[in-house]
Amino acid sequence: MRAALYVRVSTDEQATEGYSLDAQISKLKNYCRFEGWEVAAVYCEEGESGRSIKRPQYQKMMSESDTWDVILVYKMDRIHRNSVNFANMMEDLNRMGKDFCSVQEKFDTSTAMGRFVRDITERIAQLESEQIGERVKQGMERKAKFGTGFLGSGHPYGYSYKRGKLNIEKDEMYTVRAIYNMYVGGHSMENIAEYLNNGNIPSKTGGKWYKSTIYGILHNPLYAGFVKWDGIIKPGEHSAIIELETYEKINGRLSISEF
């Protein structure tokens, strides 16, 4: 067995006895000698959090998986402090035909018991991930139900998003009103986009205007002072840029949810 030794310390743990990089490496090399394993490489992570997978040595180790057969750590929290990330790693190792071993927990996936524990760990992590997703969805439903917060992503044209609130950007506000007025007046979306581009009026990202951009503004109840998510439409906490009457001339009567 070719072992990739992975050791890690965060800033707060560097002086802790038993967790220093040297102490971990020494224990892992002794374990390899006892098992008759070859040390393929040592990956030392210093001052990195175990809650993220964006660690240079961890990424390097995973990219060099063809040079080792098993990842060896002194303690399981040295490699991950997040059960979902740990389960994802175990899934990757299983797919690659690689093993994982933790000295302190005596966790070794090259054994039947280790593989059983791995499967249980993956199921627990999957449950945790699904529960997080459910809580996020419930939170968004609550915001939509009571008209609180902004449920979109990024900064919608006409607004800036600061501290959980939408605030009107005056220069962009006038452009939004012009878009609605031009469309109600008979201009096509392509024509409106061309007009804005010829006038050197930048989009939210600073680039060109397109029909799809105009469409998104014309059909978003946000500009009439409402929030919409998953079919639920409620009055928002932000200020409207256009009159509801103008919005409904284009989109028809707005169906506001009641609770």
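Q: Where is Arg-8 placed, and is Arg-8 buried or exposed?
A: This model is predicted. Arg-8 sits in strand S1, which spans residues 2-9. Its relative accessible area is 1%. Buried means under 20%, so Arg-8 is buried.

Q: Which backbone oxygen does the side chain of Arg-8 reach at 2.8 Å?
A: Two backbone oxygens come up for the side chain of Arg-8. That of Glu-48 lies 2.9 Å from a polar atom of this side chain. The one at 2.8 Å belongs to Arg-78.

Q: How many helices and how many strands does the protein have?
A: The protein has 259 residues, and buried residues make up 39% of them. Its accessible surface comes to about 14900 Å², with 47% belonging to carbon and sulfur atoms. The count is eight helices and nine strands.

Q: What share of the contacts with a separation of 6 or more comes from residues 24 or more positions apart?
A: Take the contacts in the protein with a separation of 6 or more. Then pick out those between residues 24 or more positions apart. Their share is 61%.

Q: In S4, which residue is the bridge partner of Leu-72?
A: Strand S3 covers residues 70-73 and runs parallel to S4. Four bridges join the two strands. In S4, Leu-72 has as its bridge partner Cys-101.

Q: Which residues of strand S4 are buried on the side away from Asp-99 and Cys-101?
A: Strand S4 is made of residues 99-102. Both of its faces are covered. Asp-99 and Cys-101 are buried on one side. Buried on the other are Phe-100 and Ser-102.

Q: Leaving aside neighbours within four places in sequence, which residues is Ile-214 in contact with?
A: Nonpolar side chains tend to be buried together in soluble globular proteins. Ile-214 belongs to the largest nonpolar core. Beyond its neighbours within four places in sequence, its contacts are Ile-179, Met-189, Ile-192, Ala-193, Leu-196 and Trp-209.

Q: Why are the buried residues of H8 on the same side, and what arc do they cover?
A: The buried residues of H8 are Thr-246, Tyr-247 and Ile-250. Residues three or four places apart in an α-helix point the same way, because there are 3.6 residues a turn. What covers these buried residues includes H5 and H7, while Glu-245 and Lys-249 are exposed on the other side.

Q: Which residue follows H8, and what is its phi near?
A: Helix H8 spans 244-251. Gly-252 follows H8, and its phi is positive, near 85°.

Q: How far apart in space are Gly-225 and Ser-239, C-alpha to C-alpha?
A: Gly-225 is in the loop between H7 and strand S8 (226-229). Gly-225 is buried, with a relative accessible area of 12%. Its contacts, leaving aside neighbours within four places in sequence, are Pro-235, Gly-236, His-238 and Ala-240. Gly-225 and Ser-239 are 14 residues apart in sequence, and their distance in space is 5.8 Å.

Note on methods. Residues are numbered from 1 along each chain as its sequence is written. This is a predicted model: local features need pLDDT of at least 70, side-chain atom pairs count only at pLDDT 80 or more; totals for chains, interfaces and linings use all residues. Side-chain values use heavy atoms; hydrogens and water are left out. A nonpolar core is a set of buried Ala, Val, Leu, Ile, Met, Phe, Trp, Tyr and Cys residues joined through side-chain atoms within 4.5 Å. Buried means under 20% relative accessible area, exposed over 50%, partly exposed in between (1.4 Å probe, protein chains only). Contact means heavy atoms within 4.5 Å. A polar contact is a pair of N or O atoms within 3.5 Å; within protein, one must be able to donate a hydrogen and the other to accept it, and residues adjacent in sequence count only if both atoms are side-chain atoms. Accessible areas come from the Shrake-Rupley method with a 1.4 Å probe; for residues, only the protein chains shown count as cover. Two strands pair if DSSP finds at least two bridges between them.
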